[in-house]
Amino acid sequence: MKNQLHRIDLEMFEGPLDLLLFLIKRDELNIYDIPIAQITKNFLDYVQLAKELQLHTAGDFVLMAATLMKIKARMLLPIEAEGDEEIEDPRTELINMLLEYKRYKEATTAFAAMERSERPHYYNIPAAWSPQQEDHTAILEDVKLYDIMLTFQYLIKNYEEPLTHSVAVEEVTLTEQVGFLSGLLQANARLSFAGLLAKFESRLVVVVTFLAILEMLRNRQVKVKQSNLFDDLLISRGSNFENE
Amino acid sequence: MNELKQIVEALLIATPEPLTEARFHACLGENETKLPLAEIVEGLTADYEKSERAYFIKEVAGGYQIVTRAEFEPYIKGLFSKSGKLRLSQAALETLAIVSYKQPVTRNDIESIRGVSSDSSLRTLLDRKLLEIRGREDGPGRALLYRTSIEFLQYFGLNSVKDLPRLREVEDILAEDEEDLI
């Protein structure tokens, strides 16, 4: 690579906009009058490297390269102005994106400074700075949807489908599973989601049952509690639960 | 006053989130004398300074919380497996900055400003409770909307999102760039 680019150089940048801002600053370019041909050429060297290194952001760099080439092409085309109509510079959109990104990038510096100055102060709520911290005492009353989704993802990942050779078409509906859960809740004050899972023979049933729980949660037919992220979900009767 | 100071101290030690005026009054019994929380905190702060405690009371997220003094960080780190607080990556900080100024925002809003996929940053920030999901957008696709949380204010030592440093206007940035060129 002719500019002696290294992996480090590229990873320094948060994305194509960040790289463009760097190139503009380095070459002392006027952001309102970016020499598109020059910057496209420099940019492409980096993109080549991103592809070679198979960085996960490579796609974003390629997309920007395409945008730059499109702008370059449009600037080469003669444009016929109709009447007094003002012709928009093909670079305008890119310039606006760069300026907007720059504002937030600057704010990020301030955020990093605030983080640094708060860093040495500790208080007794560790969730924000140590997500692995385990807390066995708390029962979260208001489980957020996000927590439930995470738990579901986690449980289903560990769910092994028993080996069967049946080819019968399984048919399970949401209504059926809502009925099934209501029945169980008539008899039991609490159900364990992990416990339910163990009873099912296919992933499909698990998914439909999970959807049934979400549906019932929405209608306040059930309440869901969880003592910890990834812990079992405890299902109990909600305010709209219908006793038969 | 002395008894009230003790009550507030106990509440500050036990509270799971910054103690607000409203919460404090809700904790007091019917017949107890009520004084503004700020006044009591002021008294406690003076006591702590006099007796050189290892902690002080910080005004944060619209309430008060007890935090340790900076000089004890080296020792406190020993309590945690990951050598103290985990720092946020540049990508996570950028994402957080965009959400905090533009909230509520969708993932798409964030990505169109950053120009890169921001999935993993968002996940980190949600896991660390610095962001939360607050409903969905009305438009097509019903995209999730993200907001900053109380933990966000605590993490950055802010009283409210209004205390964030002002986002510079585009004109300021341009003016400065021109100066650079000259």
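Before going on, a word about what you are looking at. This is a predicted model, in which local features need pLDDT of at least 70 and side-chain atom pairs count only at pLDDT 80 or more, while totals for chains, interfaces and linings use all residues. Residues are numbered from 1 along each chain as its sequence is written, chains are lettered from A in the order in which they are written, and side-chain values use heavy atoms, with hydrogens and water left out.

Let's stay with chain B a moment. Of its 182 residues, 41% are buried (under 20% relative accessible area, 1.4 Å probe, protein chains only).

Now look at where the two chains meet. On chain A, 45 residues are in contact (heavy atoms within 4.5 Å) with 65 residues of chain B. Three salt bridges link the chains, a salt bridge being a side-chain nitrogen of Lys or Arg within 4 Å of a carboxyl oxygen of Asp or Glu. One of them pairs A:Glu118 with B:Lys58, whose closest N and O atoms are 3.3 Å apart.

Which elements of chain A give two or more residues to this side? They are α2 (16–26), α5 (92–118) and α6 (145–157). The most comes from α5(A), with 16 residues.

Technical notes:
Helices (H or I, at least four residues) and strands (E, at least two) are DSSP runs, numbered from the N terminus. Buried means under 20% relative accessible area, exposed over 50%, partly exposed in between (1.4 Å probe, protein chains only).
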